[in-house]
Amino acid sequence: MPEPTRPDTPLDAQGAAVDEAVITRTDPGRARSLSSDAWHDLRRNPVFVISALLILFLLVIAVWPSSIATRDPLYCQLSRSLEGPAPGHWFGFDTQGCDVYTRVVYGARASIAVGVCATLGVAVLGTVVGGLAGFFGGFWDALLSRTTDVFFAVPLVLGAIVFLSMIKLSGIWPVVLVIAALGWPQIARIARGAVITAKQNDYVQAARALGASNSRILLRHILPNAIAPVIVMATIMLGTIIALEATLSFLGVGLRPPTVSWGVDISAASDGMQFRNAPHILLYPAAALSLCVLAFIMMGDAVRDALDPKLR
Amino acid sequence: MTDDRLLEVRDLEVEFTTRDGVVRALNGVSYGVDAGETLAVLGESGSGKSVTAQAIMGILDMPPGRITGGEIIFQGRDLLRLSGEERRRIRGPKMAMIFQDALSSLNPVLSVGYQLGEMFRVHRGASRKEATARAVELMERVRIPAAKDRVNDYPHEFSGGMRQRIMIAMALALEPDLIIADEPTTALDVTVQAQVMDLLADLQREYRMGLILITHDLGVVADTADRIAVMYAGRIVENAPVKELYAAPAHPYTKGLLDSIPRLDQKGGQLYAIRGLPPNLLHVPGGCPFHPRCPRVRDRCRTDLPPLYAVSEQAADGAADATGERAEAVSADPAQDEIARVPELGARSSACHYWKETVDDARRT
Amino acid sequence: MTPGAREPILEVRDLVKHFPLTQGIVFRRQVGAVRAVDGISFALYPGETLGIVGESGCGKSTVAKLLMNLERPTAGSVFYKGEDISALSGRALKAVRRNIQMVFQDPYTSLNPRMTVGDIIGEPFDIHPDVAPKGDRRRRVRELLDVVGLNPEYINRYPHQFSGGQRQRIGIARGLALNPEIIVADEPVSALDVSVQAQVINLMEKLQDEFGLAYMVIAHDLSIVRHISDRVGVMYLGKIVEIGSDTAIYDHPTHPYTQALLSAVPVPDPQAREGRERIILTGDVPSPANPPSGCRFRTRCWKAQERCERQEPPLALPPVLADRTGEVLHDSACHFAEEKPRVAHG
């Protein structure tokens with residue numbers, strides 16, 4: 001079918017129609033998927049680079065805290081209680097005489113583990129509920145959306161306090177489960193909206209006209225096009241969930257000693273008298289927490305800028 | 001001609017900064033409109049026809065857009081040198097614009113009467129009651145039935161055609177000297193399209209306004225325009241009175257467009273198709289931007305950007321029997337080129353090195 | 001060109017689609033219906049092109065969706081080779097779908113932006129694995145790209161890397177993948193640039209000759225419909241008001257709506273603009289939720305009389321054409337059907 005191009009042929013009206021197919025083959029450049037475009041944007045966004053480096057660093061110390069903190073976070077010398085920074089102990093000692101630096105480093109693990117696990121739970125639950133409601137519509141939409149509304153009406157912090165104070169189990173899993181169980185409605189709403197938008201595209205009709213099954217349409221066509229706002233929301237939520245864990249630990253219903261976490265340390269340091277005498281025991285874990293939350297929220301913003309095609 | 005000249009755009013250049021680089025949307029666009037005249041600006045998407053209009057109206061998004069050169073002379077003043085406040089005072093009383101999508105151009109939470117009356121309140125300091133009365137008057141003038149009862153209705157309560165009439169009424173409110181209509185009927189059905197174009201033509205005659213009609217539809221142009229400026233890749237490629245252009249286009253692109261439309265009165269066979277695709281403005285081909293798609297491309301077209309040559313009957317007649325070789329020889333002569341160059345806006349012109357052959361070919365068939 | 005005694009490949013009988021209008025959030029009750037398609041019948045013969053023209057809201061896109069089984073009809077049936085397919089589901093429906101494919105209007109939303117061109121054109125083979133063996137699919141996709149005039153090397157590119165015209169070619173390639181007999185095209189070129197429209201129309205005609213496809217082309221552009229159609233149906237408010245060969249509709253229209261529609265088309269010839277007689281209709285198309293009684297066109301018709309309000313004109317051969325022969329013979333739904341000489345192109 002392809003014909004050789006004859007660019008120098010002087011005017012022939014029919015000839016143009018013959019060559020047409022060949023000339024249409026102008027090079028659209030190398031293959032660039034939407035996600036590779038987004039990645040290209042992200043790499044050039046300083047906000048993303050900074051937050052990503054910060055998060056990478058936090059993840060590394062969460063997994064291998066011993067790489068930068070050689071001491072045992074539970075090894076405490078009461079004799080050095082509330083002592084200020086000293087050589088080898090740059091952040092000073094807390095009430096129990098434990099090394100604040102070591103505890104801040106080890107605290108990352110619990111905080112980030114709760115954040116990541118709870119966010120995964122929230123994202124999966126929210127996407128499934130919202131996605132099904134948006135895709136099937138009608139009765140299922142009404143049922144699932146009203147259920148979402150009921151959960152949405154429960155204030156997250158209050159609900160978590162009530163449930164956690166009833167459960168009275170230690171470790172991170174009760175906290176993760178309660179946050180996941182209460183936090184998903186926000187994601188569900190976003191997922192539902194995104195699925196409804198994606199569903200109206202002609203390519204969904206095209207797939208249906210080909211005889212594609214519902215599961216194929218959902219997984220191949222709708223989900224990949226609806227997931228971006230969920231990813232953005234989840235990244236931002238990750239930051240707030242870490243803050244929520246700290247809040248719950250501070251209130252005494254989240255993580256409890258001997259688990260090492262920023263919330264636990266902030267709670268222990270929040271006695272007014274101690275703060276006046278030894279502000280470092282509150283400042284360092286609080287700064288670590290703020291930095292971590294900020295990093296995730298910044299990352300969420302940068303990802304939104306890259307994924308939102310409307311801003312292009 | 002010069003006394004009547006209402007608007008003159010000279011060598012307008014506009015750039016857009018995008019994430020893929022700088023897009024040169026306009027590369028020296030020049031055209032003029034006289035009072036009472038309809039100039040159709042014809043082009044495909046990306047040709048720069050709407051960008052020119054936005055630059056004239058002063059509603060170009062800057063950034064990412066940037067006017068890098070040229071002048072827009074409106075009633076003797078260069079608009080590009082005026083302050084924002086001075087330009088704002090020109091929009092409305094002196095020039096107005098009609099958009100393609102009437103629904104998104106009207107505010108959905110304000111009644112149509114309020115939006116029509118707003119012009120009188122802002123520019124003329126009219127009272128509320130007075131403004132409403134003028135709004136009803138305007139709606140009657142654009143032939144909206146039962147205007148009095150509908151003046152307090154909201155935009156969504158009107159049909160597409162009626163909304164476009166309201167847009168026209170709004171543009172007309174202060175009886176401007178120039179109206180720019182950007183694809184005013186593209187979103188409308190054929191039968192409604194005819195109504196709206198008729199209305200626009202009547203009103204233009206009545207007020208002796210200059211009208212710039214931006215469109216991609218050669219049929220609409222033939223029905224209403226006096227003169228046509230054809231745009232391609234941010235340049236004017238042909239400028240001609242409508243009848244002359246349709247009778248014998250002087251640019252291969254115009255000819256291709258005319259040949260490629262299926263006609264109601266002709267049927268069957270393969271349609272003539274311009275090969276290839278409109279250029280990507282990030283990588284406009286060198287030389288004549290149309291050369292990769294042109295059926296009469298020569299080596300010169302790949303290297304030399306053609307200026308706008310004056311197209312005159314005499315010149316065309318003289319070359320009537322010229323072969324391709326001869327035309328090449330003639331154009332290669334720099335003195336001849338100088339003669340061919342056009343300083344005069346409004347005269348018939350074509351940005352093709354081989355316009356003579358194009359015109360002659362068109363005449364012959 | 002005329003269908004003659006051949007069996008229609010697709011036949012539509014008294015097709016009706018009403019979209020219910022509901023009120024209330026929890027307890028929905030129906031307060032009315034948009035009568036998008038209100039009893040239409042036509043047939044499509046193998047290898048021919050049937051054009052359906054009409055203004056927005058006349059129900060022409062709903063007809064396409066009904067033919068594709070993307071919507072269920074409220075009443076009436078669609079027959080494919082004599083078998084009623086409008087009630088099919090599951091495996092049987094999937095089998096029929098192989099033979100009827102669609103080309104969409106908007107090349108920007110009809111291709112999944114997250115899939116490569118190869119995956120998009122190859123998807124029909126994933127859904128109908130028996131059409132092409134697994135190892136052969138890549139080759140078939142490359143072949144299809146070549147057939148529609150795109151470089152087969154671009155198999156791994158994404159849709160947003162192509163222009164509108166190229167995307168429409170990708171959409172056409174996807175429609176061809178299963179070797180269908182019928183292609184339903186809903187406004188296939190209206191979203192494209194003028195200079196690209198002709199390319200796509202030529203491509204569609206070439207493919208029709210090559211693969212013996214039957215086209216059902218739905219469009220609002222009368223010139224394009226005339227160019228590609230063998231027969232044309234004119235729709236107004238959910239009904240076909242006139243149907244016949246292209247010569248019959250364009251050169252011998254008898255329904256006032258067809259005549260007005262044809263006369264309103266801007267003719268790309270400035271010489272014609274003084275001379276030609278134009279019928280400019282007043283008003284807009286009435287709402288399909290509340291169509292006029294009797295003849296639906298009567299509210300905008302200059303011939304309307306009391307009878308038009310009372311009695312709906314049937315779509316039948318009008319008496320004025322009774323003594324004519326050949327292509328001119330065609331059905332028209334008007335009580336006062338008559339030819340209006342040289343209305344279309346003065």
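Chain B is divided into three domains, with bounds taken from an automatic or database domain assignment. Domain 1 covers 1-94 + 177-247, domain 2 covers 101-175, and domain 3 covers 258-274 + 286-364. The model is predicted: local features need pLDDT of at least 70, side-chain atom pairs count only at pLDDT 80 or more, and totals for chains, interfaces and linings use all residues. Residues are numbered from 1 along each chain as its sequence is written, while chains are lettered from A and ligands numbered from 1 in the order in which they are written.

The centres of domain 1 and domain 2 of chain B, taken over C-alpha atoms, are separated by 24 Å. Their contact takes 13 residues from domain 1 of chain B and 14 residues from domain 2 of chain B. Two residues are in contact if their C-beta atoms, placed from the backbone, lie within 7 Å. On the domain 1 side, helix H8 (residues 190-207) of chain B gives the largest share, seven residues. Helices (H or I, at least four residues) and strands (E, at least two) are DSSP runs, numbered from the N terminus. By class, this side of domain 1 of chain B has eleven nonpolar, two polar and no charged residues. Ala, Val, Leu, Ile, Met, Phe, Trp, Tyr, Cys and Pro count as nonpolar, Asp, Glu, Lys and Arg as charged, and the others, Gly among them, as polar.

The UniProt record, in an unreviewed entry, places the feature "domain: ABC transporter" at residues 9-258 of chain B. Such annotations may be inferred rather than shown by experiment. The end C-alpha atoms of this span lie 26 Å apart. The span is 41% helix and 28% strand.

The contact between chains B and C takes 40 residues from chain B and 39 residues from chain C. On the chain B side, H8(B) supplies the largest share, seven residues. Helices H7 (160-172), H9 (218-224), H10 (242-247) and H11 (252-260) of chain B are among those that each supply at least two residues. The chain B side has 20 nonpolar, eleven polar and nine charged residues.

B:Ala169 touches B:Leu116, B:Leu138, B:Met139, B:Arg141 and B:Val142, not counting residues up to four places away in sequence.

Helix H16 (residues 355-364) of chain B is largely enclosed by the rest of the structure, because seven of its ten residues are buried. A residue is buried if 20 or more other C-beta atoms lie within 10 Å of its own, with C-beta atoms placed from the backbone. The buried residues of H16(B) include B:Trp355, B:Val359 and B:Ala362.

Note on methods
A residue is buried if 20 or more other C-beta atoms lie within 10 Å of its own, exposed if 12 or fewer, and partly exposed in between; C-beta atoms are placed from the backbone.
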